[in-house]
Amino acid sequence: MSKRVDLTTAHKINIVAFITAALAVKFQRLAIYPSLWGEDTKVYINDALRLGLRSALLPVNGYQTLYARLVAVWLDVIPLQYAEILFHLGAAAALAFTVFV
């Protein structure tokens, strides 16, 4: 029988901080100069600016990409020049959510 290890909030924060630091060291250029992937601009941002919140339910090549589309919908209220930062913060929030839940 294996024992279940219950992590405290402090341990979870340390794990997220370590993973974030490791990723920042590995991908220094992305941490300093955020960038977008091709489908971010061609699909998500274009649809969000054109259709608004209705774009959240559109499939991409048969896949539902709700989270990326919801991040892109925020570009209705946030200037487009911050799109790269918005997508990186969205990815960081997704990582934090998977660790804490």
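Predicted model: local features only at pLDDT ≥ 70, side-chain atom pairs only at ≥ 80, totals over all residues.

Visitor: What makes the phi of Asn-61 worth a mention?
Guide: Asn-61 has a positive phi of about 50°, although it is not a glycine. Most residues other than glycine have a negative phi.

Visitor: Why does Asn-61 count as exposed?
Guide: Exposed means over 50% relative accessible area. Asn-61 has 72% relative accessibility, so it counts as exposed.

Visitor: How do you know how confident the predictor is in the protein?
Guide: The score to read is pLDDT, which runs from 0 to 100. The protein averages 81, and 84% of the residues score at least 70. Among the elements, helix H2 (residues 28–32) has the lowest mean pLDDT, 66, while H4 has the highest, 89.

Visitor: What is the pattern of the protein along the sequence?
Guide: The pattern reads α-α-α-β-β-α-α, with 5 helices and 2 strands in the protein.

Visitor: Why are Arg-50 and Asp-47 called a salt bridge?
Guide: The rule asks for a side-chain nitrogen of Lys or Arg within 4 Å of a carboxyl oxygen of Asp or Glu. The closest N and O atoms of Arg-50 and Asp-47 are 2.6 Å apart, so the pair meets the rule. The two residues are separated by about one helical turn, because they are 3 residues apart in helix H3.

Visitor: Are Arg-50 and Asp-47 buried or exposed?
Guide: Arg-50, at 53% relative accessibility, counts as exposed. Asp-47 has 11%, and buried means under 20%, so Asp-47 counts as buried.

Visitor: What other salt bridge does Asp-47 form?
Guide: Asp-47 also forms a salt bridge with Arg-69, with the closest N and O atoms 3.2 Å apart. Asp-47 lies in helix H3 and Arg-69 in helix H4, so this pair ties together parts that are 22 residues apart in sequence. Arg-69 counts as buried, at 2% relative accessibility. Through shared partners, salt bridges join Asp-47, Arg-50 and Arg-69 into one network. The count of salt bridges comes to 2.

Visitor: How do you know that Asp-40 has no salt bridge?
Guide: Asp-40, in helix H3, is buried, and the nearest side chain of opposite charge, Arg-69, is 10 Å away. The cut-off is 4 Å, so no salt bridge is assigned to Asp-40. Leaving aside neighbours within four places in sequence, Asp-40 is in contact with Ile-45 and Phe-87.

Visitor: What makes up the largest nonpolar core?
Guide: That core has 12 residues in all, among them Tyr-44, Ile-45, Ala-68, Leu-86 and Phe-87. Helix H3 (38–51), helix H4 (66–73) and helix H5 (83–100) each supply at least two of its residues. The largest share, 4 residues, comes from H4.

Visitor: Which residues does Ala-68 touch?
Guide: Not counting residues up to four places away in sequence, Ala-68 touches Tyr-44 and Phe-87.

Visitor: How much of the protein counts as buried?
Guide: Of its 101 residues, 22% count as buried. The accessible surface comes to about 7,800 Å², and 67% of that belongs to carbon and sulfur atoms.

How values were computed:
Residues numbered from 1 in each chain as written. Heavy atoms only, no water. Buried < 20%, exposed > 50% of the residue type's maximum accessible area, 1.4 Å probe, protein only. Core = buried A, V, L, I, M, F, W, Y, C linked by side-chain atoms within 4.5 Å. Contact = heavy atoms within 4.5 Å. Lys, Arg positive; Asp, Glu negative; His and termini not counted. Areas by Shrake-Rupley, 256 points an atom, 1.4 Å probe, with all protein chains shown as cover.
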